[in-house]
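Please look over the structure shown here.

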Amino acid sequence: MTATSPRLKHEVKDLGLAALGRQRIEWAGREMPVLRQIRDRFAIEKPFAGLRLVACAHITTETAHLAIALKAGGADALLIASNPLSTQDDVAASLVLDHEIPVFAQKGEDNETYNRHVQIALDHRPNIIVDDGSDVVATLVQQRQHQIADLIGSTEETTTGIVRLRAMFREGVLTFPAVNVNDADTKHFFDNRYGTGQSTLDGIIRATNILLAGKNIVVVGYGWCGKGTALRARGMGANVIVTEIDPIKAIEAVMDGFRVLPMAEAAPQGDIFITVTGNKHVVRGEHFDVMKDGAIVCNSGHFDLELDLKYLAAQAKEIKEVRPFTEEYKLKNGKSVVVLGQGRLINLAAAEGHPSAVMDMSFANQALACEFLVKNKGKLEPGLHSIPLEVDQEIARLKLEAIGIKIDSLTADQIEYINSWTSGT
C-alpha cells in the first residue's frame with residue numbers, strides 16, 4: 001500500500017514499522033565505524049549542499065547509514081529499491097519517519113511498481129546517481145537524454161552494473177563520468193567474497209532449514225562472489241563443484257581444491273545450485289531436465305535471469321510455495337525442482353544481505369565516490385573512472401584503526417631502496 005506523510009512524498013509498506021527499523025539501523029551502526037567517521041566529516045563540510053542525489057540500492061539497515069551520511073553532507077537525497085525483494089520495510093519506514101528521507105520501495109513490489117519508482121527517481125532530476133545494477137542510469141540514457149545536462153556523474157557498485165556501463169561506453173551513450181566502486185579493493189575483496197559468501201548461505205538456510213554438510217553444492221561462476229560462496233560452502237561441510245567459462249578462473253578453482261565440471265556434467269550431480277555470474281540463463285532447460293528430484297536452485301547474482309525460469313514454469317504441472325521464499329516446481333517428467341527467492345538475490349530475499357561490517361567499507365566507497373565526483377566536477381572525461389588508490393587505502397586504514405589493528409610503515413631506507421634502480425645483488 002502507499003502511505004502518506006505530511007512531511008514528504010514516499011511509498012513504503014507501513015510507517016508503523018519505523019520503531020523496529022530504527023532499532024535495527026542502530027544495531028547495524030555498531031559495526032560501521034568507517035562510514036560513521038565519514039558521516040561526521042560530511043556533517044561539518046557539507047560537500048553535497050544544494051545537490052540532488054538519487055540512490056537505487058537494496059533498502060537495508062546498512063544502506064540506511066549510507067543515506068544518512070549523504071543527507072548529513074547536505075544532499076537532497078531520494079531512495080528507491082534496486083531489487084523487488086530486497087527491501088526491508090521497517091528500514092524504509094524509519095528512513096521516512098525518523099530521517100525525512102523520501103523512500104519509494106516495498107518488499108515484493110511487482111516489476112511495474114519497480115519501473116515506476118525508477119521514473120520517480122529520475123523525476124527528482126538527480127545531479128548524482130548512486131546505482132546498483134545501472135537500471136537508473138540505463139533508463140536515463142534511454143528515455144531522458146535531456147536530463148544528462150543536470151548530471152555530475154554516477155557511481156556503481158555491482159559487477160552487473162559495471163558490465164552494463166562498459167557496454168554503454170562502447171556504444172558511445174555513456175556521455176558523463178561514472179565511478180567504478182565495484183572494483184575498489186576494499187569493496188570487491190570483502191563485499192563480494194566475505195559478504196556474498198556468508199549471506200548467500202544464510203539465505204539458503206533461512207529459506208530451507210536444510211543441512212549443508214554432505215550436500216553437493218554447485219557454484220556457477222568463480223569470480224569474487226563465487227570464490228566466497230564456494231569457500232563458505234566448503235566450510236559448512238559441503239562437497240563443492242564449480243562451473244566456469246574462464247580458463248584462468250577455472251584453474252584457480254582447481255588449485256583452490258574444488259572440482260571443476262561443465263554445467264552439463266554438474267547438473268545431474270548437484271543437490272543445490274547457486275548462480276553468481278551476472279550473465280543470462282547459466283542454468284537452462286537442458287540442465288533442469290537432468291537434475292535430481294528435489295534439486296534446489298537459487299541465485300546470488302544481481303538479476304533473476306541467471307536462471308531460465310520461463311522454461312521451468314513451462315515444464316511445470318504445478319508450482320506451489322512450500323515455505324516462505326521457497327517454491328516447488330513439479331515437472332512433467334515426474335521430478336521436482338525447488339526455486340528459492342523467485343530466482344532473485346537469495347541473500348536479500350530470504351535473509352538480510354551482507355553483514356554490516358562488510359558493507360561499512362562498500363558504502364564508505366560509495367560515499368567517497370560521490371564526493372570525488374563533486375570535487376572533480378567538470379574535470380572528468382565521460383566513461384568509467386576507478387576509485388583513487390589513496391581513497392581505497394584510507395578506507396582500509398580507517399577500518400584497521402577502528403578494530404584496533406596496527407601495521408608497519410616503511411623506513412626511510414626502504415623507501416629509498418624501492419625507488420632506486422641502481423641497488424641490486
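Helices (H or I, at least four residues) and strands (E, at least two) are DSSP runs, numbered from the N terminus. Over residues 192-353 the chain is 35% helix and 25% strand, and the end C-alpha atoms lie 11 Å apart. The model is predicted: local features need pLDDT of at least 70, side-chain atom pairs count only at pLDDT 80 or more, and totals for chains, interfaces and linings use all residues. Residues are numbered from 1 along each chain as its sequence is written, and side-chain values use heavy atoms, with hydrogens and water left out.

**Annotated region**
- In an unreviewed UniProt entry, residues 192-353 carry the annotation "domain: S-adenosyl-L-homocysteine hydrolase NAD binding".
- UniProt positions follow the numbering used here, feature names are shortened, and annotations may be inferred rather than shown by experiment.

**Sheet of 7 strands**
- This open sheet has parallel pairing and the order β3-β2-β1-β4-β5-β6-β15; two strands pair if DSSP finds at least two bridges between them.
- Its edge strands, β3 (103-104) and β15 (383-386), each pair on one side only.
- Strand β6 (residues 177-180) runs parallel to β15, joined by 4 bridges, and A178 stands opposite L384 in β15.

**Sheet of 8 strands**
- Here the pairing is mixed, and the open sheet has the order β9-β8-β7-β10-β11-β14-β13-β12.
- At the edges, β9 (259-260) and β12 (316-323) each pair on one side only.
- β12 and strand β13 (residues 326-331) run antiparallel and are joined by 6 bridges; E318 has K330 in β13 as its bridge partner.
- Helix α9 (residues 224-235) packs on this sheet, touching β7 (216-220), β8 (239-243) and β10 (272-275); contact means heavy atoms within 4.5 Å.
- The direction of α9 makes about 170° with that of β7; axes are lines fitted to C-alpha atoms, for helices over the stretch in contact, and angles run from 0 to 180 degrees between N-to-C directions.
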